[in-house]
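Hi,

Here is the model we spoke about. Please load it before reading on.

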Amino acid sequence: MVSPGGQPLEGMEKALAVLEEAVVSGGAVISERRWVPDELAQIRKEIRILSDQRKLDVVLTLGGVGMRPRDKVPEATLELLERPLPGLAELLRLSGMQKSRQAALSRGVVGLRGSTLIINLGSSETAVLEGY
């Protein structure tokens with residue numbers, strides 16, 4: 001999860017709980033949770049650790065995909081992706097727009113680093129539920 005100072009913003013903990021419930025109910029196991037400051041170097045470092053060293057199947061980022069100057073998760077992620085999957089990112093946004101026009105403002109990306117699938121999600125409960 002990415003937030004200023006590496007601390008959760010209002011609403012992020014509820015979004016995290018919704019995300020964790022969806023992941024677990026889908027049969028997956030959550031192996032790690034990390035709060036990361038919204039700094040490019042720190043975001044890249046954490047994604048590298050989770051994909052290259054821990055070799056996780058999936059890394060879901062929460063937050064930092066909006067239009068504020070400090071929202072840098074897509075940029076950090078794109079630098080690390082070996083195989084971007086723009087169609088999946090667009091599908092998530094399109095699906096989200098069925099419920100909220102805010103989904104069109106998400107800049108989240110999806111792709112592979114090695115065998116790890118990395119998906120950027122927004123930090124609101126709606127963004128998590130709708131996948132944008």
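This is a predicted model: local features need pLDDT of at least 70, side-chain atom pairs count only at pLDDT 80 or more; totals for chains, interfaces and linings use all residues.

Residues are numbered from 1 along each chain as its sequence is written, and side-chain values use heavy atoms, without hydrogens or water.

(A pocket is an open set of points on a 1 Å grid over the protein atoms alone, where a 1.4 Å probe fits, with protein on both sides within 12 Å along at least five of seven lines; lining residues have an atom within 4 Å of a point. The volume is the space filled by probe spheres set on the points, which are joined across faces, edges and corners.) It has 25 lining residues; closest to its centre are Glu-32, Leu-56, Val-58, Val-59 and Leu-60.

Cores. The largest nonpolar core has 13 residues, and Ile-43, Ile-47, Val-59 and Ile-118 touch the most other members. (A core joins buried Ala, Val, Leu, Ile, Met, Phe, Trp, Tyr and Cys through side-chain atoms within 4.5 Å; buried means under 20% relative accessible area with a 1.4 Å probe, protein chains only.) Apart from it lies another core of ten residues, including Leu-62 and Val-128.

Helix α1. (Helices are DSSP runs of H or I, at least four residues, numbered from the N terminus.) Its buried residues are Met-12, Ala-15, Leu-16, Val-18, Leu-19 and Glu-20. Just after α1, Gly-27 takes a positive phi of about 95°. α1 supplies at least two residues of the lining of the largest pocket.

Best wishes

Key. Buried means under 20% relative accessible area, exposed over 50%, partly exposed in between (1.4 Å probe, protein chains only).
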